[in-house]
Amino acid sequence: MATTAQMHHLIALEVRIKQTRRRLAKLRQEGIIDRITLPQTGRTRVWYPTQYGAQLAGEWPEMRGRQPPRGAVNRTAVRLKVEHGLTVTQTALAFLEDARHRGDVCRPLDWIPEVHHPLGGGEAVIPDALLYYQRRTADRRDDANRTSRTYGTDSTGSTDGGEDDGNDVRVG
């Protein structure tokens, strides 16, 4: 879920926010997304995918194998989770904007909310989100030479980090 302003920063910084609003309204007319309006903020709209929209997105090559978070397509569930959901989206935006500024690689679809990690015996860990972030080294001329770290957070907010052989940074 995301507010209109968050969607604008996420996908359409090169155009005016008015055009982003029109695009969102068109997607709503087509039944791909829906919205709720936050009462405490006046006219702030929060957008989320409909069941049909989640089904369509699931057909994209980038989204194959991903399931939408539980309740992500349900108006009541969105209302109940809106504060938390918008905070998670704002965190994603901070990483995306920093990556753009630094010339690193972190795209909108590199942030995946509520990824289910089975532990066995019917138990699982479901972090708020999983982030793939590709950081470039100080020598920006050598794009093939990249470094990475894996970061995790738990419910207390404590973090740990360690070197990883891959090119991604995961925040979960």
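Me: Quick one to start: how many salt bridges does the count come to?
Reply: It comes to five salt bridges. Keep in mind that this is a predicted model.

Me: And what lets side chains pair up like that in general?
Reply: Side chains of opposite charge can pair when their charged atoms come close.

Me: OK, which residue does D34 form a salt bridge with?
Reply: D34 pairs with R28, and their closest N and O atoms are 3.0 Å apart.

Me: Is D34 buried or exposed?
Reply: D34 is buried, because its relative accessible area is 16% and the cut-off for buried is under 20%. R28 has a relative accessible area of 34%, so R28 counts as partly exposed.

Me: What about R102, who's the partner there?
Reply: R102 forms a salt bridge with D98, with 2.6 Å between the closest N and O atoms. Both residues sit in helix α4, four residues apart, which is about one turn of the helix.

Me: How accessible are R102 and D98?
Reply: R102 is partly exposed at 42% relative accessibility, and D98 is partly exposed too, at 30%.

Me: Changing topic: helix α1. Which of its residues are buried?
Reply: Helix α1 covers residues 4-11, and the buried ones are T4, Q6, M7, H8 and L10.

Me: What covers them?
Reply: The cover includes β1 (2-3), α2 (17-29), β3 (45-49) and α4 (75-102).

Me: Let's stay with α4. At what angle do α1 and α4 pack?
Reply: They pack at about 25 degrees, with their axes 10 Å apart. That angle makes α1 roughly parallel to α4, because angles under 35 degrees count as roughly parallel.

Me: Is the crossing left-handed or right-handed?
Reply: The crossing of α1 and α4 is left-handed.

Me: Which residues make the contact?
Reply: From α1 you have Q6, H9 and L10. From α4 you have L86, T89, Q90, L93, L96, E97 and R100.

Me: How do those divide into nonpolar, polar and charged?
Reply: The contact of α1 with α4 has four nonpolar residues, four polar ones and two charged ones.

How values were computed: Residues are numbered from 1 along each chain as its sequence is written. This is a predicted model: local features need pLDDT of at least 70, side-chain atom pairs count only at pLDDT 80 or more; totals for chains, interfaces and linings use all residues. Side-chain values use heavy atoms; hydrogens and water are left out. Buried means under 20% relative accessible area, exposed over 50%, partly exposed in between (1.4 Å probe, protein chains only). Helices (H or I, at least four residues) and strands (E, at least two) are DSSP runs, numbered from the N terminus. Contact means heavy atoms within 4.5 Å. Axes are lines fitted to C-alpha atoms, for helices over the stretch in contact, and angles run from 0 to 180 degrees between N-to-C directions. Angles under 35 degrees count as roughly parallel, over 145 as roughly antiparallel, 65 to 115 as roughly perpendicular and the rest as oblique. A crossing is left-handed if the near helix is turned anticlockwise from the far one by less than a right angle, and right-handed if clockwise. Ala, Val, Leu, Ile, Met, Phe, Trp, Tyr, Cys and Pro count as nonpolar, Asp, Glu, Lys and Arg as charged, and the others, Gly among them, as polar. A salt bridge is a side-chain nitrogen of Lys or Arg within 4 Å of a carboxyl oxygen of Asp or Glu.
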